[in-house]
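I opened this notebook to keep track of what I looked up in one protein model. The entries follow the order in which I went through it.

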Amino acid sequence: MRVVVATEPAQREAALALRFAVFVEEQGVSPEGERDALDAAPDTVHFLAMAGGDRAPGASEGVVGVGRLLAPGADGHPHIGRVAIARDRRRGGVGRVLMDAIEREALARFGHGGSVTVALSAQVQAIPFYEAIGYIVTGDPYLDEGIWHRDAFKVVGNEPGALAGHAGAPTEP
């Protein structure tokens, strides 16, 4: 499996197709609520986790996971969002590999002094995954498109395991 940045229109359409399958068809999010103006923003980076070498010989490469990275917003932190993994590839490590690639890109683009705090809005059912990869969940649960979420953050640094709970991390309101 490899993770690529979607630079071609066909790659972006493939990302949107997987998001539609997961969020709209599986989870009941409205089609209008799934896409937003940030998808087309020039500073939004879309990522695709591509299956290939890990599939049976002769199998075609396909999109098995997607996510996007947004430039820092009002809180000063880049945001990771719209993370979706194909149903048949969940719990197989795709999410971890995808998040690692997105975090590395956030560090490269927005890091200062060797670190960056990334933020995301986690579906409550996915919180154990995010906590397992180092995210700290904050605040009260809230509904977004009829699905319970909580905010989370992680300080990503150049050194493995460094900066967890770093003083520059956001605090609970």
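**Entry 1: strand 4 and its neighbours**

I began with strand 4 and strand 5 (residues 115–123), which pair in the parallel sense over 2 bridges; two strands are said to pair if DSSP finds at least two bridges between them. I noted that this is a predicted model, in which local features need pLDDT of at least 70 and side-chain atom pairs count only at pLDDT 80 or more, while totals for chains, interfaces and linings use all residues. Residues are numbered from 1 along each chain as its sequence is written, and side-chain values use heavy atoms, with hydrogens and water left out.

Within this pairing I found His 79 opposite Ala 119 in strand 5. Between the two strands the chain passes through helix 3 (residues 94–110), and this β-α-β crossover is right-handed, a word used if, with the strands pointing away from the viewer, the path from the first strand over the helix to the second runs clockwise. Helices (H or I, at least four residues) and strands (E, at least two) are DSSP runs, numbered from the N terminus.

I then looked at another partner of strand 4, namely strand 3 (residues 62–70), which runs antiparallel to strand 4 and is joined to it by 5 bridges. Here Leu 69 stands opposite Ile 80 in strand 4. Strand 4 (residues 79–85) is mostly covered, with 5 of its 7 residues buried; buried means under 20% relative accessible area, exposed means over 50%, and partly exposed lies in between (1.4 Å probe, protein chains only).

**Entry 2: strand 5**

How many residues of strand 5 are buried? I read that 8 of its 9 residues are, so strand 5 too is mostly covered. Strand 5 also pairs with strand 7 in the antiparallel sense, over 9 bridges, and in that pairing Ala 122 stands opposite Arg 150.

**Entry 3: aromatic rings**

I searched the whole structure for aromatic pairs and noted 2 of them. Rings of Phe, Tyr and Trp (its six-membered ring) pair if their centres lie within 6.5 Å, and planes under 30 degrees apart count as stacked, over 60 as edge-to-face and the rest as tilted. Phe 129 and Tyr 130 form an edge-to-face pair, 5.1 Å centre to centre with 65° between the planes. Tyr 130 and Tyr 135 form an edge-to-face pair as well, at 5.7 Å centre to centre and 80° between the planes.

Tyr 130 counts as buried because its relative accessibility is 9%, and Tyr 135 counts as buried because its value is 3%.

**Entry 4: the nonpolar cores**

A nonpolar core is a set of buried Ala, Val, Leu, Ile, Met, Phe, Trp, Tyr and Cys residues joined through side-chain atoms within 4.5 Å. The largest one has 28 residues, of which Leu 69, Ile 80, Met 99, Leu 120, Tyr 130 and Tyr 135 touch the most other members. Several elements each supply at least two residues of this core, including strand 2 (45–51), helix 4 (127–132) and strand 7 (147–157). Helix 3 gives the most to this core, with 7 residues. Apart from it I found another core, of 13 residues, among them Leu 18, Val 22, Met 50 and Ala 86.

I also listed what Tyr 135 touches, leaving out residues up to four places away in sequence: among its contacts are Ile 80, Met 99, Val 118, Leu 120 and Phe 153. Contact means heavy atoms within 4.5 Å.

Gly 28 is in the loop between helix 1 (9–26) and helix 2 (31–34), and Gly 28 counts as exposed because its relative accessibility is 56%. The C-alpha atoms of Gly 28 and Ile 147 are separated by 9.1 Å, although the two residues are 119 residues apart along the chain.

**Entry 5: the whole protein**

Last, I noted that the protein has 4 helices and 7 strands, and that 42% of its 173 residues count as buried.
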